Amino acid sequence: MAAQNCLVTNDWICGEYLRSRSQELTDATVQHIWITAVSVAIGVAVAFPLALLARRSRRFAGPVLGLTTVLYTVPSLAMFSLLLPLFGLSAALVVTGLVLYSLTILVRNILAGLEAVPEEAKEAARGMGYGSARLLWEVELPLAMPALMAGIRIATVSTIALTTIGSIVGRGGLGNLIDDALPSFFKAQVLAASVLCVLLAVVADLLLLCVQRLLTPWTRISRTRGAVDAAGTAKAV
């Protein structure tokens, strides 16, 4: 009886809410994941050529980095208002806004990763007859992968948070539930949606960290060697 009354008493923790609204929570979570995944994927696809352009010449680096930084500073309400005439009240409006916000993180991390590739590695590849395209895909990109994946992780977590803002056009995933609950201050719904957002961010970050480790096995080897060398030095002392 107490569990059923938690909806009436508007408790923060309410099992009856989770039971009776499970489908609503599932649908909102699926929409949240879909919007986030599409936004980050498109963001990476757009950021990569921009980072290559910025690396090619200082003449392009300033405008590219400056533009992506300016886009990140635009308030979300203003951004959606500017995009509204182009996309209307659709998921494309939210995805486009999130893509633009992700560019400043992704472009800078990809560029930093590419610029950190040792010149010796590039010279060795050129000496083996690698052309510019093969050098990029087989040497530079794998060595830049830790920085690239770090950017994707940061962009994903921030996009999960920003997706909630899409509730202003009804495409905010879990943000829709938070927005619907605020006028009546429906505590159980606000808490459940907020906790799910946090869990999504944590799970996404852990999954991407696992992907990063799978794609960069040499980083684990170097860390292991460093630990062994340190242990050997300490033992010798």
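Biologist: Is Thr159 buried or exposed?

Modeller: Keep in mind that this is a predicted model. Thr159 sits in helix H8, which covers residues 132-163. Its relative accessibility is 2%, and the cut-off for a buried residue is under 20%. Thr159 therefore counts as buried.

Biologist: Which residue has its backbone oxygen 2.6 Å from a polar atom of the Thr159 side chain?

Modeller: The distance of 2.6 Å falls within the 3.5 Å cut-off for a polar contact. On the Thr159 side, the atom is a polar one of the side chain. The backbone oxygen belongs to Ala155.

Biologist: Which residues does Thr156 touch, leaving out those up to four places away in sequence?

Modeller: Thr156 is found in helix H8 too. With a relative accessible area of 8%, Thr156 is buried. Thr159, with neighbours within four places set aside, contacts Thr36, Ser39, Val40 and Leu98. For Thr156 the list is Thr36, Val40, Ala204 and Leu208.

Biologist: How many helices and strands does the protein chain have?

Modeller: Read along the sequence, the pattern is α-α-α-α-α-α-α-α-α-α-α. The count is eleven helices and zero strands.

Biologist: Where does pLDDT stay under 50?

Modeller: For the protein chain, the mean pLDDT is 83, and 90% of the residues reach 70 or more. Where pLDDT is low, the predicted coordinates should not be read in detail. The stretch you ask about has zero contacts beyond four places in sequence, and pLDDT stays under 50 there, over residues 230-237.

Key
Residues numbered from 1 in each chain as written. Predicted model: local features only at pLDDT ≥ 70, side-chain atom pairs only at ≥ 80, totals over all residues. Heavy atoms only, no water. Helix = DSSP H or I, 4+ residues; strand = E, 2+ residues; numbered from the N terminus. Buried < 20%, exposed > 50% of the residue type's maximum accessible area, 1.4 Å probe, protein only. Polar contact = N/O pair within 3.5 Å; in protein donor to acceptor, adjacent residues only side chain to side chain. Contact = heavy atoms within 4.5 Å. pLDDT = per-residue confidence, 0-100.
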